[in-house]
Amino acid sequence: MPRPSSRRAGCCRSTQRPDALDGYLATRLKAASQSDALFISHQGTPLAYPTVITVFLQIIRSIGLRGAPGSRGPRIHDLRHTFAVRSLERCVHDSQAGARHITALSTYLGHAHVTDTYWHLQSTLELMAHMSTAGETLHRGVTA
(Lines give C-alpha, C1' and ligand atoms only; values in the text may rest on other atoms or scores of the structure.)
Protein backbone atom coordinates (compact mmCIF):
# COMPACT_ATOMS: atom_id res chain seq x y z
CA MET A 1 0.00 0.00 0.00
CA PRO A 2 1.52 3.35 -0.95
CA ARG A 3 2.60 5.77 1.73
CA PRO A 4 0.03 8.50 2.38
CA SER A 5 0.54 12.00 1.14
CA SER A 6 -0.79 15.21 2.58
CA ARG A 7 -2.53 15.98 -0.72
CA ARG A 8 -6.03 14.64 -1.21
CA ALA A 9 -8.00 14.37 -4.46
CA GLY A 10 -11.54 15.74 -4.60
CA CYS A 11 -13.66 12.62 -4.97
CA CYS A 12 -11.24 10.51 -2.97
CA ARG A 13 -11.29 12.78 0.03
CA SER A 14 -13.06 11.53 3.09
CA THR A 15 -15.22 14.15 4.72
CA GLN A 16 -15.17 12.33 8.06
CA ARG A 17 -12.17 10.47 9.39
CA PRO A 18 -11.68 9.21 12.92
CA ASP A 19 -9.23 11.20 15.02
CA ALA A 20 -7.19 8.04 15.59
CA LEU A 21 -6.56 7.73 11.85
CA ASP A 22 -5.59 11.40 11.57
CA GLY A 23 -3.15 10.88 14.43
CA TYR A 24 -1.69 7.76 12.84
CA LEU A 25 -1.29 9.43 9.44
CA ALA A 26 0.49 12.42 11.00
CA THR A 27 2.83 10.08 12.86
CA ARG A 28 3.38 7.87 9.80
CA LEU A 29 4.29 10.82 7.58
CA LYS A 30 7.02 11.74 10.05
CA ALA A 31 8.31 8.18 10.52
CA ALA A 32 11.80 7.52 9.25
CA SER A 33 11.27 4.39 7.20
CA GLN A 34 12.55 3.06 3.91
CA SER A 35 9.15 1.43 3.39
CA ASP A 36 6.37 2.94 1.29
CA ALA A 37 3.85 0.85 3.27
CA LEU A 38 1.12 2.78 5.06
CA PHE A 39 1.16 0.51 8.09
CA ILE A 40 4.58 -0.29 9.48
CA SER A 41 5.99 -2.03 12.54
CA HIS A 42 7.90 -0.28 15.32
CA GLN A 43 11.04 -1.25 13.39
CA GLY A 44 9.80 0.68 10.31
CA THR A 45 9.18 -2.43 8.22
CA PRO A 46 5.93 -3.35 6.47
CA LEU A 47 3.56 -5.46 8.54
CA ALA A 48 3.66 -9.16 7.66
CA TYR A 49 0.38 -10.27 6.04
CA PRO A 50 -0.05 -13.32 8.33
CA THR A 51 0.33 -11.02 11.35
CA VAL A 52 -2.29 -8.62 9.99
CA ILE A 53 -4.73 -11.48 9.38
CA THR A 54 -4.14 -12.93 12.86
CA VAL A 55 -4.72 -9.59 14.58
CA PHE A 56 -7.77 -8.86 12.40
CA LEU A 57 -9.33 -12.22 13.32
CA GLN A 58 -8.59 -11.67 17.01
CA ILE A 59 -10.31 -8.27 16.90
CA ILE A 60 -13.45 -9.36 15.05
CA ARG A 61 -13.79 -12.43 17.28
CA SER A 62 -13.38 -10.31 20.42
CA ILE A 63 -16.23 -8.00 19.35
CA GLY A 64 -18.47 -10.89 18.32
CA LEU A 65 -18.43 -10.50 14.54
CA ARG A 66 -16.97 -13.96 14.02
CA GLY A 67 -17.01 -17.23 15.91
CA ALA A 68 -14.37 -19.89 16.35
CA PRO A 69 -11.80 -20.74 13.66
CA GLY A 70 -13.54 -22.12 10.59
CA SER A 71 -16.71 -20.09 11.13
CA ARG A 72 -17.90 -17.51 8.64
CA GLY A 73 -17.63 -13.80 9.18
CA PRO A 74 -15.99 -10.64 7.88
CA ARG A 75 -12.69 -11.05 6.08
CA ILE A 76 -9.93 -8.49 5.75
CA HIS A 77 -10.44 -8.57 1.97
CA ASP A 78 -14.02 -7.36 2.57
CA LEU A 79 -12.58 -4.12 3.98
CA ARG A 80 -10.45 -3.67 0.86
CA HIS A 81 -13.46 -4.21 -1.39
CA THR A 82 -15.65 -1.85 0.66
CA PHE A 83 -12.96 0.84 0.50
CA ALA A 84 -12.75 0.49 -3.31
CA VAL A 85 -16.51 0.60 -3.82
CA ARG A 86 -17.14 3.52 -1.45
CA SER A 87 -14.36 5.59 -2.97
CA LEU A 88 -15.76 4.97 -6.47
CA GLU A 89 -19.26 5.92 -5.30
CA ARG A 90 -17.92 9.34 -4.33
CA CYS A 91 -16.96 9.97 -7.96
CA VAL A 92 -20.28 9.21 -9.69
CA HIS A 93 -21.12 12.91 -10.00
CA ASP A 94 -18.08 13.57 -12.23
CA SER A 95 -17.16 11.05 -14.92
CA GLN A 96 -13.76 12.67 -15.53
CA ALA A 97 -12.91 12.45 -11.83
CA GLY A 98 -14.20 8.87 -11.81
CA ALA A 99 -11.94 7.91 -14.70
CA ARG A 100 -8.92 9.44 -12.96
CA HIS A 101 -9.89 7.90 -9.65
CA ILE A 102 -10.30 4.35 -10.97
CA THR A 103 -6.80 4.59 -12.47
CA ALA A 104 -5.37 5.77 -9.14
CA LEU A 105 -7.43 3.19 -7.25
CA SER A 106 -6.13 0.43 -9.50
CA THR A 107 -2.56 1.42 -8.68
CA TYR A 108 -3.35 1.81 -4.98
CA LEU A 109 -4.90 -1.67 -4.83
CA GLY A 110 -1.89 -3.12 -6.62
CA HIS A 111 -3.79 -4.32 -9.67
CA ALA A 112 -1.64 -5.05 -12.73
CA HIS A 113 -4.24 -3.57 -15.09
CA VAL A 114 -7.01 -1.02 -14.56
CA THR A 115 -9.43 -3.58 -16.02
CA ASP A 116 -8.80 -5.68 -12.89
CA THR A 117 -10.44 -2.87 -10.90
CA TYR A 118 -13.57 -2.54 -13.05
CA TRP A 119 -15.42 -5.37 -11.32
CA HIS A 120 -15.77 -3.09 -8.27
CA LEU A 121 -18.09 -0.96 -10.42
CA GLN A 122 -20.64 -3.78 -10.50
CA SER A 123 -20.93 -3.91 -6.73
CA THR A 124 -23.68 -1.42 -5.89
CA LEU A 125 -26.88 -0.16 -7.44
CA GLU A 126 -25.52 3.41 -7.37
CA LEU A 127 -22.46 2.47 -9.43
CA MET A 128 -24.50 0.29 -11.79
CA ALA A 129 -26.99 3.12 -12.36
CA HIS A 130 -24.12 5.52 -13.07
CA MET A 131 -22.52 3.08 -15.52
CA SER A 132 -25.88 2.56 -17.24
CA THR A 133 -26.47 6.30 -17.62
CA ALA A 134 -22.93 6.86 -18.87
CA GLY A 135 -23.32 4.01 -21.37
CA GLU A 136 -26.62 5.37 -22.67
CA THR A 137 -25.14 8.86 -23.02
CA LEU A 138 -22.17 7.46 -24.91
CA HIS A 139 -24.46 5.44 -27.15
CA ARG A 140 -26.65 8.45 -27.94
CA GLY A 141 -23.56 10.54 -28.64
CA VAL A 142 -22.09 7.90 -30.98
CA THR A 143 -25.29 7.32 -32.95
CA ALA A 144 -26.50 10.93 -33.07
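Set aside the neighbours within four places in sequence, and Ser-33 is in contact (heavy atoms within 4.5 Å) with Arg-28, Ile-40 and Gly-44. This is a predicted model, in which local features need pLDDT of at least 70 and side-chain atom pairs count only at pLDDT 80 or more, while totals for chains, interfaces and linings use all residues. Residues are numbered from 1 along each chain as its sequence is written, and side-chain values use heavy atoms, with hydrogens and water left out.

You will find Ser-33 in the loop between helix H1 (19–30) and H2; helices are DSSP runs of H or I with at least four residues, numbered from the N terminus. Ser-33 counts as buried because its relative accessibility is 18%, where buried means under 20%, exposed over 50% and partly exposed in between, with a 1.4 Å probe and protein chains only. The side chain of Ser-33 reaches the backbone oxygen of Gly-44 at 2.6 Å. A polar atom of that side chain also lies 3.0 Å from the backbone nitrogen of Ser-35.

Let's move on to the aromatic rings. Rings of Phe, Tyr and Trp (its six-membered ring) pair if their centres lie within 6.5 Å; planes under 30 degrees apart count as stacked, over 60 as edge-to-face and the rest as tilted. The count by this rule is 2 aromatic pairs. Phe-83 and Tyr-108 form a tilted pair, because their ring centres are 5.6 Å apart and their planes are at 50°. The pair links distant parts of the chain, 25 residues apart: Phe-83 sits in helix H3 (residues 76–89) and Tyr-108 in helix H4 (residues 95–109). Phe-83 is partly exposed at 39% relative accessibility, and Tyr-108 is partly exposed at 29%.

Definitions and conventions
Helices (H or I, at least four residues) and strands (E, at least two) are DSSP runs, numbered from the N terminus. A polar contact is a pair of N or O atoms within 3.5 Å; within protein, one must be able to donate a hydrogen and the other to accept it, and residues adjacent in sequence count only if both atoms are side-chain atoms.
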